[in-house]
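User: I am new to this structure. Please take a close look at how its strands pair, and say what surrounds them.

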Amino acid sequence: MTTIVCRCEDLTEKDIVEAIEEGYDELEKLKRHLRLSMGPCQGSGCLILARRILMRETGKDIEEIDEPTSRPPSRPVPFSLLASPKGGEDGD
Amino acid sequence: MTDEYEVVIIGGGINGLGTAYHMGKKGFTDVLVLDKSFLGYGASGRNGGGIRQQWTSEENIKLALESRKMFERLDEELEEDLEFYQGGYLVLSFDEEEAEEFKDNVKLQNSLGVESEYLSPKEAKGIVPELDTSDVVAATFNQSDGTIYPFKVIHGYANRLEEMGIDVKEHTEVTDIVTEGQEIKKVKTEEGDIKTDTVVNAAGGWSSMIAEMAGAEIPNEPVRHEIMVTEPYERFLDPMVISFKHGIYFSQSEHGNVVGGIGNPDEKPGLNQKSSLWFMKKFSDTLLDFIPKFSGVSMIRQWAGFYDVTPDAQPILGTVPEVERFYQVNGFSGHGFMVSPMVTKVTAELVLGEEPSMDIDRLRVERFEDMDIEEEGGVVG
């Protein structure tokens with residue numbers, strides 16, 4: 001139960017199981033309650049593990065467990081790469 | 001779920017849950033809160049968590065001031081750390097004309113009890129040293145403004161409602177509201193019918209659709225607004241920084257993430273919650289103009305939600321002329337979270353037939369019948 005599930009937010013299997021017991025029984029709710037999948041990796045490491053734990057704890061099939069919407073960017077991107085170059089034509 | 005309630009609240013966001021909470025505090029628990037998705041799926045779970053009292057209309061200032069005082073006690077009431085951080089709101093002006101308006105705003109805010117101050121660019125830089133103030137003409141600042149973590153407030157309310165014995169049903173979409181004459185008879189949902197004669201419309205971006213189901217007309221329109229978050233960093237930014245001219249706002253949460261958004265003046269009303277490349281680029285450009293030091297900071301996620309926009313950017317509260325006992329708590333136009341403690345307290349009082357703690361007559365929907373409405377000028381994002 002001390003296995004780390006979400007490395008960005010330091011969440012263990014025990015944290016997830018306890019939250020499910022408290023009623024946070026959907027990935028969308030676990031995300032908002034624990035910040036699961038809201039760190040720099042954006043869920044690429046933890047969501048599949050959390051989904052399995054949810055299956056085990058709630059007895060639901062994998063199809064019944066909706067995944068949170070994936071949102072851009074898929075990896076962290078510095079503002080310097082997203083913004084227009086300063087002084088360029090596009091640099092409004 | 002029993003199929004009869006004295007009050008049905010549509011919308012499991014901050015204002016639906018808050019209204020139920022204030023009823024429960026008075027011992028009135030024959031209430032059902034319905035949400036078509038999970039709690040906080042709409043704007044309550046998508047906003048930037050800003051708590052601001054620096055508004056330009058008397059109603060908004062009063063609602064925001066009383067709400068801020070209530071937020072200060074809410075941790076204790078909900079027994080939850082809501083991460084309410086009062087680092088202030090720094091409002092920047094980039095032209096002389098707006099700077100003059102800022103002086104009037106501060107005067108009005110001060111007269112109503114908000115302790116905002118008018119600042120020079122140098123004083124603004126004193127608060128946020130990283131800020132490029134070369135084009136800033138003036139600023140206003142109010143220390144007791146701040147930010148809160150919206151999900152914690154939602155969950156805090158939900159836990160309290162459970163203890164009070166108030167029913168909350170998620171993933172239950174309302175499909176119709178049945179009326180006879182001017183009376184509400186029942187609320188139809190995908191899961192069955194619920195008998196009631198009292199409905200509270202707290203459906204945020206969907207509230208005009210809910211009103212239509214009851215045969216009432218409110219002028220709200222959902223308008224997409226986009227927002228983003230960065231990786232967490234050690235805190236260096238104390239206040240929320242905003243500019244009406246640029247439509248930008250950004251702050252750093254207690255967790256360390258910088259959260260911010262920027263409005264698109266060309267955005268058309270509609271139920272679109274998708275993310276755009278326009279936003280990602282425009283926000284980054286503008287943010288680096290404000291704080292060049294942000295260039296190495298990484299954005300990790302962007303998303304969108306609705307402003308439930310009314311013609312004067314002020315909320316709609318109270319009953320409607322077409323249907324009896326159909327209470328509105330919507331139309332917040334992008335500032336529904338920060339005024340929620342007070343508007344939900346007042347809505348609970350109105351529903352229970354008590355004298356409201358604040359006179360909300362100027363926020364009733366009937367105001368749109370005469371053309372003499374006063375527009376709130378302080379909307380950002």
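Analyst: Two strands pair if DSSP finds at least two bridges between them. Strands (E, at least two residues) and helices (H or I, at least four) are DSSP runs, numbered from the N terminus. The model is predicted: local features need pLDDT of at least 70 and side-chain atom pairs pLDDT 80 or more, while totals for chains, interfaces and linings use all residues. Residues are numbered from 1 along each chain as its sequence is written, with chains lettered from A and ligands numbered from 1 in the order written.

A place to begin is β1 of chain B, residues 7–10, which pairs in the parallel sense with β2 of chain B, residues 31–34, over 4 bridges. Within this pair, Val7(B) has Val31(B) of β2(B) opposite. The two strands belong to an open sheet of 6 strands in chain B, ordered β8-β2-β1-β12-β19-β18, with mixed pairing. At the edges stand β8 (167–169) and β18 (316–318) of chain B; each has a single partner strand, so one side of each is left without a neighbour in the sheet.

Val8(B) shows what packs around this part of the chain. Neighbours within four places in sequence set aside, Val8(B) is in contact (C-beta atoms, placed from the backbone, within 7 Å) with Leu32(B), Leu34(B), Val187(B), Ile194(B), Thr196(B) and Val199(B).

Two strands of chain B pair with β16(B). Strand β13(B), residues 221–232, runs antiparallel to β16(B) and is joined to it by 5 bridges. Here Ile227(B) stands opposite Gly261(B). Strand β15(B), residues 248–252, is also antiparallel to β16(B), again with 5 bridges. In this pairing, Ile248(B) has Ile262(B) as its bridge partner. Strands β15(B) and β16(B) form a hairpin with 4 residues between the strands, where Gly256(B) takes a positive phi near 110 degrees.

Domain 1 of chain B takes in 7–46, 151–219 and 312–368, while domain 2 of chain B takes in 86–144 and 221–308. Taken over C-alpha atoms, the centres of domain 1 and domain 2 of chain B are 30 Å apart. Where the two domains of chain B meet, domain 1 gives 12 residues to the contact and domain 2 gives 9.

Strand pairing also crosses from one chain to the other. Strand β3 of chain A, residues 77–78, runs antiparallel to β17(B), and 2 bridges join them. Val77(A) stands opposite Met299(B) of β17(B). In the contact between the chains, chain B contributes 23 residues and chain A contributes 19. On the side of chain B that touches chain A, the elements giving two or more residues are α5 (150–164), α7 (277–290) and β17 (298–309) of chain B.

Notes: Domain bounds come from an automatic or database domain assignment.
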